[in-house]
Amino acid sequence: MSTPEASTTKKVQVRRYKPEENPKEHYLNAEKGVWAWMTTIDHKKIGLLYLGSITFFFFVGGMLALLLRTELLTPAQSFIDADVYNQVFTLHGAIMIFFFLVPSVPAALGNFILPLQLGAKDVAFPRLNLASFYIYTIGTIFTLIAIFTGGIDTGWTFYTPYSTQTGTNVLLMTFGIFILGFSSILTGVNFIVTIHKLRAPGLTWNKLPLNVWALYATSIIQVLATPVLAITLLLLVMERALGIGVFDPSIGGDPVLFQHFFWFYSHPAVYIMIVPGFGVISEVISTFSRKVIFGYWAIALSSLAIAFIGFLVWGHHMFVAGQSSLASMVFSFLTFLVGIPTGIKIFNWLATMYKGSIDMKAPMLYAMVFLFLFTIGGFTGIMLGSLAVDIHLHDTYYVVAHFHYVMMGGMVMALLAGLHYWWPKMFGKMYSEFFARISCVIIFIGFNLAFLPQFVMGSQGMPRRYFNYIDQYQAFHQLSTIGAYIMAVGFVIMAGYMIHSLLRGKPASANPWGSRAMEWQTSSPAPHHNFEHIPVIINGPYDYHKPMSEFQLGIAHSTNGHQSFEKVDVNVKSAEEKA
Amino acid sequence: MSGHHISSAKFLWGVAIVLFFLTFLTVAVTWIHIPEPWNVVVAIAIAVVKATIVVAFFMNLWWDSRFNTILLVMSIVFFMILIGITLLDTLFRVDPIPTF
Amino acid sequence: MSETSAETKHPAHLHHHFVDSDQQFESSKMGMWIFLVTEILFFGGLFAAYIVYRAWYPELYLEASQELDAFWGAINTFVLIGSSLTVAMAIRSAQLNQIRGLIINLWITIGLACTFMVIKYFEYAEKLEKGIAPGIYYTYDGLEHEKANIFFSIYYMMTGLHGLHVIIGIGLMLWLVWKAKRGAYHSEYYTPVEITGLYWHLVDVIWIFLFPLLYLID
Amino acid sequence: MNRLTEFMLPPAKSTTAGEVDALFHFINVTSIILLAGITFTIIYFAWKYRRRSEDDVTPVITHNSKLEITWSVIPLILVMIVFGWGLSGYMNLTTAPDDAYEVRVVAKSWLWEFHYQNGHVSVNELHVPVDRPVKLVMSSDDVIHSFFVPDYRIKRDVLPNRYTSVWFEAIETGESIIHCTEYCGRAHSDMNATVFVHTQEDFETWLESADAIDEDMPPAERGEALVTRSGCMACHSTDGSRMVGPTFQGLWMAERTMEDGEVVTADENYIRESILEPNARINEGYDPVMPSYQGTLSDRQIDDIIEYIKTLD
């Protein structure tokens, strides 16, 4: 690994390591006590800390959503007033995006699974990883203080000049999100270096799991886009504190410039949220179809293509905002180009299922739900990318429904697929398959009931962020509210069987799904240092036609006491990139 | 070993002297008043040369892994995207003027 | 941390999840480069605001930059380039295991960085005296352009953020000196010196652009 | 198709709406066909290739270039059609005919003002002639608003530092709703207005007589009509309930405490000042959010409103 020149094959002596079933010692009980958890630099535990945090914020954001939906049952005020409503929808958006979606798959699942999938002992900078988590925590504390000292009512987009004029606590909130951005940046830095430098012997770029490719693309976006959000929010903070006048028209600034800067981050941020979901879905579909993934390179490169083109399309949020017609045309054209790699992914997943051996376990069920809902999200995105139609649909409930189909129908379903898929690896316990499927179906029904009517009322002209609305939309709003409550029931059931699994779940085997991927070739829960050996990779992660024994090769650790080698010579390509 | 290039002291001093000279040059060209927009072009060109020298020889990118160069180029490309497409808007706005 | 693990070949500075020192060194350096990418885009936002407003109001920039003193700007450029040189020399010393040279060069760098900040302080003080303050506190009436306040807001944001980076750099180098005195660095392990150096050079590079863009608009 | 149109879209009442609707339906129908195909494939595969035993052997199909090119190129062609179509519609929607009748729109938190060439100003009511292109030149007094008429399929943000414009040509007389679609604060969702489309003659009659329309009424009744028409009711109640602004009930000659502690008697001068320079003095516990009515209401109209407020005990 040490010299980049050694990219040719070399002979390595390996032996087979079968993962230990139901190990007594694993990462969860390696260190004990709250303090050990708070100061852990183990990427798996940090992943779980993130998982706990995002679960909390998903709960908070979800409760706020129910509050909104309940208020919208009637056209006029029913139990909260307009100011509260405006604060609630702002918080719902800000919390769901900055505190839940952005860190969900990358920071929570990604932290847990990335080093396992690379055959590494940890991420490249474990202490930085812990620091990211604490930066996230500090950001959330600032935000919570902001909520309790005046709240914020600007919408999660913080558009100037409203955000420079409103009396609410914009300063603290944006500062909290400014801090949060650094957590995202540092996680991105960590992941890119880890993927480049810490791959196990033999894990060449063409054998990387697609989840790793997706996380790689995500990290690149995080690193390139988040700093622009940081400077934008800093300028906004300065605008409020000093009145620097770059964005505020009353002192000579240009509010549309703020929108450019904001969406330069926030559009790619949509891909920060959805691209890692693509990775999870690729893993799940291949595993539960027990079949080699169709079009490996097409899926891997389309993630990178989406990441790149995603940077060129931010202005489609501004078709009616007063940007030049030329800019609108360019942005619309580029927007449609993103549709192509996205479509390629969907077709590749379908082709992977073709002639597979499909096991409709809960993760696969969520992946199917993802495919359906995300496809709707994608098609409605085409609708919104079209200049003439967007003029009518812009800032209506159609947009609201569209991004919920992408973010919730896409990303949250992918997160749930991943959570169910890797749950046994995380906790060494199985959950109730029966209840998992039930809750999946309930969430699916509730989701569609909540958001399909929003497409209709949106195209009929119902604007978003409306506290009062005209009577003709009431039926749609009521359906939507009922759907939201059904969804909530699904999540309550999920919480129930997940907690049951943690407390009384059946022990999981090392590889309950029969996957070929590397994270399943170690015990469940994983050992403290991930593998008792240094894994050696000779096959791709989806080579279901190769025997399982070829996926369990490794070199004995210098410290783990394995003395007897079953000597097997394999040719291993050096993992080092040709630099 | 790509990461452990050791420059000689003489070389580092040479680089610094070139940079000092270019700094002097960039100030000096303002005395001869090059017309717009070429004054900006010259100033930026000198700055780019200086930055490239710093990056290549002080930051050792010249001897470093090529991926790090790619990273740097990427950051510049994405900055160009940010400013380039934003200018597509800000330079081409045609606002109506009320007739009364 | 696994430095405590009973591995014979693992030097003290090598973390458990790396195979060898080179892998760790290369990783840290790549990590720093990626971080520098974020720094470039962070400042990139300000440069973008600068360019947009300059494209709108070229005459504003021409007029307002007369208030900035190109002489002291140039001096500061020399100072920062000099500090880049001494940082490069510091890394060279570390590579050659000359700890004394390392510490001396770091001290010179810190000295130059402080010189930069002192000059900057006098520049700011002179402007604030005249009423050229950022944002709504701008009271200067020597400039006719109605958006003069915006030019100086951008000026203060850019140089202020840059100055903040200089101060952070000073802090990092003080820490390096402290660690170096305790013998933490030698020719086999000088990663923190190297990556702090990368950071410091980037601060220099940003100033190389700020100087002509703000001071030298003739 | 007609029923789908009625269900999905509001009635099309402008000359440009048809093209937008056609594209909307084209994307909708294409999407639904493709979605049905994908959904069917998912379900069919999940059933047809369901796992029969743990030892199932699956074929090794790594890629298929022809297939992959096909499913890249066909969507590309489709989206390029959508792009071109959308672009041509956009050009139509953004290029107003030269002979368009111009109305100035001023958005204030939270009302719409419409200024006509003869100097008449109407609040929250836009009156236009039928079958004639109308161009709105819009600006905002405070934050960003957005002018949206669902029936006409037009929308455009209204900015504080610039003029923006939209145009439309109504094809039938009647009324259509106007929404603000850029979030602008507390009463954002109440910032609605109505377009009244008249025949050309009716429109001219309205324009000439608009100011004189209430000539015969007693001043207090005229004031009541003005209060309703000028958007006051979005923030001020007449029944004593607290809204964004203080209630009008019992306001006349009442003593009110201001933010700075000053106690003011609500006489003629105070009410006039509150309408023309609303942020000069702010009632305790309220926010300085009211827009100025300078140039919107004439002195006589303010007198009428004061007469009306006098009647609200």
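Leaving aside neighbours within four places in sequence, which residues is A:Phe370 in contact with? The legends below start there. This is a predicted model, where local features need pLDDT of at least 70, side-chain atom pairs count only at pLDDT 80 or more, and totals for chains, interfaces and linings use all residues. Residues are numbered from 1 along each chain as its sequence is written, while chains are lettered from A and ligands numbered from 1 in the order in which they are written.

**View 1. A:Phe370 and the nonpolar cores.** With neighbours within four places in sequence set aside, A:Phe370 is in contact with A:Ile281, A:Gly410, A:Met413, A:Ala414 and A:Ala417 (contact: C-beta atoms, placed from the backbone, lie within 7 Å). There's also a second, separate core of 7 residues, including D:Phe248 and D:Ile306. The largest nonpolar core has 368 residues, and the ones touching the most other members are A:Phe370, A:Ala417, C:Ile154 and D:Val105. A nonpolar core here is a set of buried Ala, Val, Leu, Ile, Met, Phe, Trp, Tyr and Cys residues joined through C-beta atoms within 7 Å. Buried means that 20 or more other C-beta atoms lie within 10 Å of a residue's own; exposed means 12 or fewer, and partly exposed is in between, with C-beta atoms placed from the backbone.

**View 2. The open sheet of chain D.** Look for 5 strands in the order β3-β2-β1-β5-β8, with mixed pairing. At the edges stand β3 (121–123) and β8 (164–168) of chain D, each with a single partner strand, so one side of each has no neighbour in the sheet. From one strand to the next, the twist averages 25° (axes are lines fitted to C-alpha atoms, for helices over the stretch in contact, and angles run from 0 to 180 degrees between N-to-C directions). Strands β1 (residues 101–108) and β2 (residues 111–115) of chain D run antiparallel, joined by 5 bridges. Here D:Val105 sits opposite D:Phe114 in β2(D). Strands pair if DSSP finds at least two bridges between them; helices (H or I, at least four residues) and strands (E, at least two) are DSSP runs, numbered from the N terminus.

**View 3. Domains 2 and 3 of chain D.** Chain D is assigned domain 1 (2–47 + 63–94), domain 2 (101–209) and domain 3 (219–310), with bounds from an automatic or database domain assignment. Taken over C-alpha atoms, the centres of domain 2 and domain 3 of chain D are 25 Å apart. Between these two, 14 residues of domain 2 are in contact with 9 residues of domain 3. On the domain 2 side, β2 and β3 of chain D are the elements that give two or more residues. That side has 5 nonpolar, 2 polar and 7 charged residues (Ala, Val, Leu, Ile, Met, Phe, Trp, Tyr, Cys and Pro count as nonpolar, Asp, Glu, Lys and Arg as charged, and the others, Gly among them, as polar).

**View 4. Helix α5 of chain D.** In this helix (residues 219–229), D:Arg222, D:Gly223 and D:Glu224 are buried. Their cover includes α7 (299–310) of chain D. Just after α5(D), D:Gly231 takes a positive phi of about 80°.

**View 5. Where chain B touches chain D.** Here 6 residues of chain B are in contact with 8 residues of chain D. The chain B side splits into 4 nonpolar, 1 polar and 1 charged.

**View 6. Chain C.** This chain has 6 helices and 0 strands. Buried residues make up 50% of its 218 residues.
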